[in-house]
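Have a look at the picture first, and then we can go through some of its details together.

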Amino acid sequence: QGAIATIPEPESRLFRPFLLVAVAFSLARVSYLFYLVRAAEAIGGIQAAIGWYLWFNVLYAAAAYPAGRLGDRVGRPRLLVAGYLTTAACAAVFALDPDLLTMFIGFTLLGFSFSLAEGQGSAFAADLAGTKARSSRLGQYHAFTGVATVIGGLVAGVLWDQVSHSAAFLWGAALPIVATLGLLALRPPPVAGYAEPPGHDH
């Protein structure tokens, strides 16, 4: 029904502001290992954690392709907002006292959050990179978000050890809200990177 189009160069002025949003979100990307350790400590040890890990991966794999298709149709910013908010909800659930229900809800949200936020963030960065210095901009995106993820993991680890596991997960819940507000403030085009082919009638 459509084709990926080259974003006009003025559109690429949104790239650096979006990079700041992506960095804020990456600081909150508590490694899935934190979630597995929480599950192992709380209910059932390492065997239960492996089971939850498999459930997370099944959901992640199953939802990734439909999420990509949906992003092409309705716009990646909308799915990014959904991914950011799902990530915040997931971390908030893990901050609670764990039981079987909260683990099920938490790992389900974790799978969907990865499928919504991971690919859509990279694709939206590519949409906004424009044509001039495109490769450099995409390199900046992956470098800055990668470093932010490492820093965020270190902060979460310190909070886990020095304060509580809930503090680590609340860190992971707060920053996606900040990233969501930042993304909404950018007012990006709803279907960046998507264009109807010439002569297409609605």
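Thr-180 has a relative accessibility of 5%, so it counts as buried, since the cut-off for that word is under 20%. Keep in mind as you read that this is a predicted model. Thr-180 sits in helix H7, and if you set aside residues up to four places away in sequence, it touches Val-81, Tyr-84 and Leu-85.

**How H4 and H7 pack**

Those contacts lead us to a pair of helices. Two packed helices are described by the angle between their axes and the distance between the axes. For helix H4 (residues 76-94) and helix H7 (residues 165-186), the axes come within 7 Å and cross at roughly 160 degrees. Angles over 145 degrees count as roughly antiparallel, and H4 and H7 are therefore roughly antiparallel to each other. Their crossing is left-handed.

Who meets whom here? On the H4 side you'll find Pro-77, Leu-80, Val-81, Tyr-84, Leu-85, Thr-87, Ala-88, Ala-91, Ala-92 and Phe-94. Across from them, H7 brings in His-165, Phe-169, Gly-172, Ala-173, Pro-176, Ile-177, Ala-179, Thr-180, Leu-183 and Leu-184. Sort the residues of this contact by type and you get 16 nonpolar, four polar and no charged.

**The salt bridges**

For charged partners, we have to look at other pairs. How many salt bridges are there? The count comes to three, and here they are:

| Asp-72 | Arg-76 | 2.7 Å |

Is each partner buried or exposed, or something in between? Glu-118 counts as partly exposed because its relative accessibility is 35%, whereas Arg-29, at 10%, counts as buried.

Asp-72, Arg-76 and Asp-127 are linked in a network of salt bridges. Asp-127 lies in helix H5 and Arg-76 in helix H4, so their bridge ties together parts that are 51 residues apart in sequence. Arg-76 is buried, with a relative accessible area of 5%, and Asp-127 counts as buried too, at 8% relative accessibility. Asp-72, on the other hand, has a relative accessibility of 27% and so counts as partly exposed.

**One more stop in H5**

Helix H5 also holds Thr-102. With a relative accessibility of 12%, Thr-102 counts as buried, because it falls under the 20% cut-off. Which residues does Thr-102 contact, leaving aside its neighbours within four places in sequence? They are Val-93 and Asp-97.

Definitions and conventions
Residues numbered from 1 in each chain as written. Predicted model: local features only at pLDDT ≥ 70, side-chain atom pairs only at ≥ 80, totals over all residues. Heavy atoms only, no water. Axes fitted to C-alpha atoms, helices over the stretch in contact; angles between N-to-C directions. Helix = DSSP H or I, 4+ residues; strand = E, 2+ residues; numbered from the N terminus. Parallel < 35°, antiparallel > 145°, perpendicular 65-115°, else oblique. Left-handed = near helix turned anticlockwise from the far one by under 90°. Contact = heavy atoms within 4.5 Å. Nonpolar A, V, L, I, M, F, W, Y, C, P; charged D, E, K, R; others polar. Buried < 20%, exposed > 50% of the residue type's maximum accessible area, 1.4 Å probe, protein only. Salt bridge = Lys/Arg side-chain N within 4 Å of Asp/Glu carboxyl O.
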